[in-house]
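This report describes selected residues of a predicted model. The sequence and structure are shown first, and the description follows.

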Amino acid sequence: KRVAILISGGGSNMLALVASMTTDHPARPVLVASNDPAATGLTRAAALGIPVAAVDHRRFGKDRQAFEAELLQHIDAAQPDILCLAGFMRILTPGFIARFEGRMLNIHPSLLPKYPGLHTHARALSAGDTEAGCTVHEVTAELDAGPILGQARVPVLPGDSEDTLAARVLHAEHRLYPAVLRRFAAGDRSPCFL
Ligand code: GRF
(Lines give C-alpha, C1' and ligand atoms only; values in the text may rest on other atoms or scores of the structure.)
Protein backbone atom coordinates (compact mmCIF):
# COMPACT_ATOMS: atom_id res chain seq x y z
CA LYS A 1 0.00 0.00 0.00
CA ARG A 2 1.16 3.53 -0.87
CA VAL A 3 0.91 6.05 2.00
CA ALA A 4 0.88 9.85 1.74
CA ILE A 5 1.33 11.79 4.98
CA LEU A 6 0.10 15.37 5.52
CA ILE A 7 1.87 17.52 8.12
CA SER A 8 1.91 21.13 9.28
CA GLY A 9 4.95 21.28 11.54
CA GLY A 10 7.73 19.16 13.03
CA GLY A 11 6.27 15.91 11.76
CA SER A 12 7.26 13.70 14.71
CA ASN A 13 4.24 11.47 14.00
CA MET A 14 5.24 11.34 10.31
CA LEU A 15 8.74 10.23 11.32
CA ALA A 16 7.33 7.52 13.57
CA LEU A 17 5.10 6.28 10.74
CA VAL A 18 7.97 6.35 8.22
CA ALA A 19 10.31 4.52 10.62
CA SER A 20 7.66 1.82 11.14
CA MET A 21 7.25 1.10 7.41
CA THR A 22 10.13 -1.37 7.18
CA THR A 23 10.46 -3.90 4.35
CA ASP A 24 8.12 -6.46 5.99
CA HIS A 25 5.37 -3.82 6.34
CA PRO A 26 2.32 -3.80 4.00
CA ALA A 27 2.79 -0.08 3.32
CA ARG A 28 5.45 2.37 2.23
CA PRO A 29 5.60 6.19 2.26
CA VAL A 30 5.27 7.81 -1.19
CA LEU A 31 4.75 11.48 -0.25
CA VAL A 32 5.00 13.89 2.67
CA ALA A 33 3.09 17.14 2.01
CA SER A 34 2.45 20.24 4.07
CA ASN A 35 0.32 23.40 4.05
CA ASP A 36 3.41 25.23 5.36
CA PRO A 37 6.54 25.40 3.18
CA ALA A 38 8.57 26.07 6.35
CA ALA A 39 7.38 22.88 8.11
CA THR A 40 10.57 21.28 9.43
CA GLY A 41 9.01 17.86 8.85
CA LEU A 42 9.48 18.45 5.11
CA THR A 43 13.26 18.71 5.52
CA ARG A 44 13.28 15.63 7.75
CA ALA A 45 11.24 13.63 5.20
CA ALA A 46 13.41 14.79 2.28
CA ALA A 47 16.52 13.72 4.23
CA LEU A 48 15.00 10.23 4.33
CA GLY A 49 14.57 10.26 0.54
CA ILE A 50 10.79 10.66 0.62
CA PRO A 51 9.20 12.89 -2.07
CA VAL A 52 7.87 16.09 -0.46
CA ALA A 53 5.50 18.87 -1.48
CA ALA A 54 4.36 22.13 0.10
CA VAL A 55 1.34 24.27 -0.74
CA ASP A 56 1.19 27.44 1.34
CA HIS A 57 -2.46 27.74 2.34
CA ARG A 58 -1.96 31.46 2.99
CA ARG A 59 -1.66 32.03 -0.77
CA PHE A 60 -5.35 31.15 -1.11
CA GLY A 61 -6.96 33.36 1.55
CA LYS A 62 -10.38 31.94 2.39
CA ASP A 63 -10.57 29.78 -0.74
CA ARG A 64 -10.17 26.31 0.79
CA GLN A 65 -11.18 24.66 -2.48
CA ALA A 66 -8.36 26.34 -4.41
CA PHE A 67 -5.82 25.37 -1.76
CA GLU A 68 -7.04 21.77 -1.80
CA ALA A 69 -7.07 21.64 -5.61
CA GLU A 70 -3.34 22.46 -5.68
CA LEU A 71 -2.60 20.07 -2.81
CA LEU A 72 -4.53 17.35 -4.64
CA GLN A 73 -2.30 17.75 -7.70
CA HIS A 74 0.67 16.64 -5.59
CA ILE A 75 -1.31 13.92 -3.79
CA ASP A 76 -2.83 12.49 -6.98
CA ALA A 77 0.61 12.41 -8.62
CA ALA A 78 1.81 10.15 -5.77
CA GLN A 79 -1.22 7.87 -6.21
CA PRO A 80 -1.60 6.98 -2.52
CA ASP A 81 -3.86 4.18 -1.30
CA ILE A 82 -3.94 5.66 2.22
CA LEU A 83 -3.75 9.25 3.46
CA CYS A 84 -2.43 9.87 6.99
CA LEU A 85 -3.01 13.27 8.62
CA ALA A 86 -0.24 13.72 11.18
CA GLY A 87 -0.22 17.02 12.98
CA PHE A 88 -2.05 18.50 9.99
CA MET A 89 -3.73 21.66 11.20
CA ARG A 90 -6.08 22.61 8.37
CA ILE A 91 -9.80 21.77 8.19
CA LEU A 92 -10.49 19.79 5.00
CA THR A 93 -13.67 20.32 2.97
CA PRO A 94 -16.25 17.55 2.65
CA GLY A 95 -15.33 17.35 -1.05
CA PHE A 96 -11.70 16.55 -0.26
CA ILE A 97 -12.71 14.06 2.45
CA ALA A 98 -15.12 12.33 0.07
CA ARG A 99 -12.17 11.68 -2.27
CA PHE A 100 -10.47 9.64 0.45
CA GLU A 101 -13.42 8.41 2.53
CA GLY A 102 -12.55 5.10 4.15
CA ARG A 103 -8.82 5.47 3.51
CA MET A 104 -7.88 8.67 5.37
CA LEU A 105 -6.66 8.51 8.98
CA ASN A 106 -5.99 11.19 11.59
CA ILE A 107 -4.40 11.21 15.02
CA HIS A 108 -5.97 13.41 17.68
CA PRO A 109 -4.37 14.11 21.07
CA SER A 110 -7.32 13.13 23.27
CA LEU A 111 -9.42 10.08 24.11
CA LEU A 112 -12.24 10.85 21.67
CA PRO A 113 -15.12 11.45 21.94
CA LYS A 114 -13.74 13.59 24.76
CA TYR A 115 -12.19 16.91 23.72
CA PRO A 116 -12.58 17.13 19.93
CA GLY A 117 -10.95 20.28 18.54
CA LEU A 118 -8.06 22.21 20.04
CA HIS A 119 -6.34 22.64 23.43
CA THR A 120 -7.08 19.07 24.46
CA HIS A 121 -4.44 18.85 27.21
CA ALA A 122 -5.48 22.12 28.88
CA ARG A 123 -9.08 20.89 28.86
CA ALA A 124 -8.18 17.53 30.39
CA LEU A 125 -6.14 19.23 33.10
CA SER A 126 -8.82 21.79 33.95
CA ALA A 127 -11.40 18.97 34.09
CA GLY A 128 -9.19 17.20 36.64
CA ASP A 129 -8.95 14.06 34.50
CA THR A 130 -6.63 11.38 35.87
CA GLU A 131 -6.23 9.84 32.42
CA ALA A 132 -5.54 11.25 28.94
CA GLY A 133 -4.32 9.89 25.64
CA CYS A 134 -4.70 9.89 21.88
CA THR A 135 -6.97 8.49 19.21
CA VAL A 136 -6.49 7.39 15.61
CA HIS A 137 -9.73 7.60 13.65
CA GLU A 138 -10.99 7.53 10.09
CA VAL A 139 -11.55 11.04 8.81
CA THR A 140 -15.15 11.93 8.01
CA ALA A 141 -16.83 15.27 7.30
CA GLU A 142 -17.53 15.76 11.02
CA LEU A 143 -14.36 17.04 12.75
CA ASP A 144 -12.59 14.49 14.98
CA ALA A 145 -15.58 12.16 14.93
CA GLY A 146 -14.94 9.29 12.48
CA PRO A 147 -14.79 5.56 13.37
CA ILE A 148 -12.12 4.97 16.03
CA LEU A 149 -9.25 2.69 14.89
CA GLY A 150 -7.15 2.87 18.05
CA GLN A 151 -6.52 4.61 21.33
CA ALA A 152 -3.61 4.83 23.77
CA ARG A 153 -4.08 5.93 27.39
CA VAL A 154 -1.58 7.75 29.60
CA PRO A 155 -1.88 8.84 33.23
CA VAL A 156 -2.29 12.47 34.17
CA LEU A 157 0.25 12.94 36.97
CA PRO A 158 0.10 15.40 39.89
CA GLY A 159 1.86 18.59 38.93
CA ASP A 160 1.42 17.95 35.20
CA SER A 161 1.51 21.04 33.04
CA GLU A 162 0.05 21.27 29.55
CA ASP A 163 3.59 20.69 28.25
CA THR A 164 4.40 17.64 30.37
CA LEU A 165 1.07 16.04 29.52
CA ALA A 166 1.46 16.91 25.83
CA ALA A 167 4.89 15.27 25.77
CA ARG A 168 3.55 12.09 27.42
CA VAL A 169 0.63 11.93 24.94
CA LEU A 170 2.90 12.62 21.96
CA HIS A 171 5.08 9.69 22.99
CA ALA A 172 1.97 7.49 23.02
CA GLU A 173 0.98 8.84 19.58
CA HIS A 174 4.30 7.62 18.21
CA ARG A 175 3.43 4.11 19.39
CA LEU A 176 -0.26 4.12 18.47
CA TYR A 177 -0.23 5.54 14.93
CA PRO A 178 2.30 3.02 13.54
CA ALA A 179 0.42 0.14 15.19
CA VAL A 180 -2.88 1.27 13.64
CA LEU A 181 -1.38 1.93 10.19
CA ARG A 182 0.18 -1.54 10.06
CA ARG A 183 -3.22 -3.14 10.75
CA PHE A 184 -5.16 -0.76 8.52
CA ALA A 185 -2.76 -1.32 5.59
CA ALA A 186 -3.24 -5.07 6.02
CA GLY A 187 -7.01 -4.59 5.76
CA ASP A 188 -7.75 -4.90 9.49
CA ARG A 189 -10.03 -2.12 10.73
CA SER A 190 -10.65 -3.60 14.16
CA PRO A 191 -9.70 -1.01 16.79
CA CYS A 192 -6.60 -1.50 18.93
CA PHE A 193 -6.17 -0.18 22.44
CA LEU A 194 -2.70 0.38 23.89
C1 GRF B 1 0.96 17.45 18.31
O2 GRF B 1 0.27 18.35 19.17
C3 GRF B 1 0.25 16.13 18.28
O4 GRF B 1 -0.39 15.87 19.52
C5 GRF B 1 -0.79 16.32 17.21
O6 GRF B 1 -0.19 17.19 16.25
C7 GRF B 1 0.84 17.99 16.89
C8 GRF B 1 2.16 17.95 16.15
O9 GRF B 1 2.49 16.65 15.89
N10 GRF B 1 -1.15 15.07 16.62
P11 GRF B 1 3.78 16.28 14.94
O12 GRF B 1 4.99 16.33 15.85
O13 GRF B 1 3.87 17.35 13.86
O14 GRF B 1 3.49 14.92 14.42
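Is His121 buried or exposed? At a relative accessibility of 11%, His121 counts as buried, because buried means under 20% relative accessible area, exposed means over 50%, and partly exposed lies in between (1.4 Å probe, protein chains only).

## Basis of the values

This is a predicted model in which local features need pLDDT of at least 70 and side-chain atom pairs count only at pLDDT 80 or more, whereas totals for chains, interfaces and linings use all residues. Residues are numbered from 1 along each chain as its sequence is written, and side-chain values use heavy atoms, with hydrogens and water left out.

## Helix H5

His121 belongs to helix H5, residues 120–126; helices (H or I, at least four residues) and strands (E, at least two) are DSSP runs, numbered from the N terminus. Leaving aside neighbours within four places in sequence, His121 is in contact (heavy atoms within 4.5 Å) with Pro109, Glu162, Leu165, Ala166 and Val169.

Thr120 also lies in helix H5 and is buried at 6% relative accessibility. With residues up to four places away in sequence not counted, Thr120 touches His108, Pro109, Ser110 and Tyr115.

## Strand S6

Gly133 is located in strand S6, residues 131–138, and is buried, with a relative accessible area of 1%. Beyond residues up to four places away in sequence, Gly133 touches His108, Pro109, Ser110, Leu111, Ala152, Arg153, Val154 and Val169. Gly133 and Leu170 are 37 residues apart in sequence, and their C-alpha atoms are 8.5 Å apart in space.

## Annotated binding site and pocket

The unreviewed UniProt entry carries the annotation "binding site" for Arg64, Met89, Arg90, Ile91, Leu92 and Asn106; UniProt positions are given in the numbering used here, feature names are shortened, and annotations may be inferred rather than shown by experiment. Of these residues, Met89, Arg90, Ile91, Leu92 and Asn106 are included in the lining of the largest pocket. On a 1 Å grid over the protein atoms alone, a pocket is an open set of points where a 1.4 Å probe fits, with protein on both sides within 12 Å along at least five of seven lines; lining residues have an atom within 4 Å of a point.

Met89 is found in the loop between strand S4 (82–85) and helix H4 (94–100), and Leu92 lies in the loop between S4 and H4. Met89 is exposed, with a relative accessible area of 56%, whereas Leu92 is buried at 10%. Leaving aside neighbours within four places in sequence, Met89 is in contact with Ser8 and Leu118, and Leu92 with Glu68, Leu85, Ile97 and Met104.
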